[in-house]
Amino acid sequence: MEHFPYRNFDLCCERVPLRALAAAVGTPAYVYAKSALLESLDAYHRAFAAIPHLVCYSVKANSNLGVLATLARAGAGADIVSGGELYRARRAGVPGTRIIFSGVGKTREEMRAALEAEILMFNVESRSELRVLDEVARELGTRAPVALRVNPDVDPQTHPYIATGLRTSKFGIPYAEALEAYDEAAGLKGLEVVGADMHIGSQLTKTTPFGDAVARIAALVKTLRERSIDVRMVDIGGGLGVRYRDEVPPTQAQYATLLLPVLSELGVTVLLEPGRSIVGNAGVLLTRVLYRKETREKTFIVVDAAMNDLIRPAFYDAWHEIRPVDEARLGRPVERVDVVGPVCESGDFLAKDRELAESEEGDLLAVMSAGAYGFVMSSNYNTRPRAVEVLVDGDRYTIVRRRETYEDLVAGETVL
Ligand code: LLP
């Protein structure tokens with residue numbers, strides 16, 4: 001299903017015209033399609049139906065409570081990386097028993113909160129962390145269910161900033177040291193070893209790295225069993241890519257088809273941590289053209305969204321499609337432009353040297369595929385209030401986060 005179709009010359013989110021929405025809630029605005037969220041979650045459920053599994057949506061991709069609650073009601077668990085994400089997941093109604101906690105720098109307080117919420121599993125990333133978690137669990141008179149995040153050392157063939165499974169990365173326990181770390185974990189009274197975990201990177205568009213990494217984890221699980229360490233859960237991480245431009249990432253079904261033979265043979269519950277592939281194409285950033293600025297060198301389209309709203313182009317050189325909200329604009333001649341925001345940085349652009357149909361001041365543009373790592377990475381740089389977030393369901397919409405006010409921005413500060 002097309003979640004952002006043109007209808008009567010207006011770009012819509014499901015059946016809500018973005019022009020009307022912009023008039024009602026203002027710009028910049030993040031707009032999410034509920035049907036797109038549910039469709040991609042469902043694609044995972046169908047693809048892995050043959051084996052016991054739990055989709056733990058990776059909260060970091062988009063942690064809005066409305067988004068989380070929508071996914072939680074459809075059966076998703078949560079993959080969290082901080083006490084803050086634990087708080088959000090619980091507020092959105094995710095039961096503790098469906099939460100897994102990843103991340104290289106968990107604090108004692110965060111561990112305590114997660115133990116009190118009786119989460120499903122901690123993905124532990126170092127031997128030092130094992131020892132601290134053991135202590136914290138014993139202080140609380142409980143045992144922490146743990147998996148070790150193992151770094152399988154495969155090349156995910158993605159952007160270096162989002163590759164995590166290489167030997168040189170800060171993430172996980174090196175594959176060669178995993179057995180020793182498992183032996184240590186098995187001997188700690190405050191821990192219960194329940195799983196094995198991996199995550200090799202994000203925006204992966206090839207299946208081979210997943211296949212190689214899962215094969216290595218499966219071999220490890222078998223060796224552990226020979227040593228009487230019984231792993232019941234295997235967490236295969238997230239990372240499935242989406243189409244931003246012309247990428248052809250594997251579908252959930254293709255991904256599952258590749259991995260199911262190895263995973264079903266293990267007889268474990270499979271945990272998944274998808275983020276981008278659930279929300280990435282479910283959201284757009286809606287923005288209005290403030291000015292056209294033509295110099296001898298270039299044409300700039302200055303819009304009211306900026307790098308503080310969507311940092312991906314500046315940070316990763318990421319490419320996001322930009323569509324005019326008024327379909328009639330598509331009949332106009334194409335020009336080569338930079339789409340830039342009001343922030344005082346040369347890195348403040350949403351698109352560079354982009355061929356776009358001519359737009360005028362006041363026009364609305366939609367920055368596509370902005371549902372993942374969009375709002376969550378936004379900031380208040382230049383004292384810009386963060387955008388409103390809207391969740392669309394059919395022909396209705398809900399403001400799931402109101403636009404920040406200046407008051408919000410200075411709350412907590414003091415004039416000496
Ligand atoms: N699990 C772990 C342990 C992770 O570190 C991540 C993402 C995920 C799951 C979810 O991965 P996904 O399915 O979304 O690929 N800000 C970057 C992406 C950073 C990804 C960080 N880790 C971007 O905008 O491209």
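Mentor: Let's start with a term: buried area is the accessible area, taken with a 1.4 Å probe, that two parts lose on being put together, summed over both.

Trainee: Okay, and what kind of model is this?

Mentor: This is a predicted model, where local features need pLDDT of at least 70, side-chain atom pairs count only at pLDDT 80 or more, and totals for chains, interfaces and linings use all residues. Residues are numbered from 1 along each chain as its sequence is written, and side-chain values use heavy atoms, leaving out hydrogens and water.

Trainee: How is the chain divided?

Mentor: There is domain 1 (6-32 + 280-410) and domain 2 (103-272), with bounds from an automatic or database domain assignment. Their centres, taken over C-alpha atoms, are 36 Å apart.

Trainee: How much area is buried between domain 1 and domain 2?

Mentor: About 810 Å², with carbon and sulfur atoms giving 58% of that. On the domain 1 side, Asn281, Tyr316 and Trp319 supply 58% of the area buried against domain 2, more than any other three residues.

Trainee: How many salt bridges cross that interface?

Mentor: Zero by the rule, which asks for a side-chain nitrogen of Lys or Arg within 4 Å of a carboxyl oxygen of Asp or Glu.

Trainee: Switching to the ligand, which residues are closest?

Mentor: Ser202, Glu273, Arg312, Tyr316 and Tyr373 are the closest of the 18 residues that surround the ligand. A residue is near when one of its heavy atoms lies within 4 Å.

Trainee: Which domains does that shell draw on?

Mentor: Domain 1 and domain 2 each give at least three residues to the shell.

Trainee: What lies 2.6 Å from the ligand's nitrogen and oxygen atoms?

Mentor: A side-chain N or O atom of Glu273 is 2.6 Å from a ligand nitrogen, and one of Tyr373 is 2.6 Å from a ligand oxygen. His199 has a polar side-chain atom 3.5 Å from a nitrogen atom of the ligand.

Trainee: And how much of the ligand does the protein cover?

Mentor: The protein covers 92% of the 590 Å² of accessible area that the ligand has on its own, computed by the Shrake-Rupley method with a 1.4 Å probe.

Terms used. A polar contact is a pair of N or O atoms within 3.5 Å; within protein, one must be able to donate a hydrogen and the other to accept it, and residues adjacent in sequence count only if both atoms are side-chain atoms.
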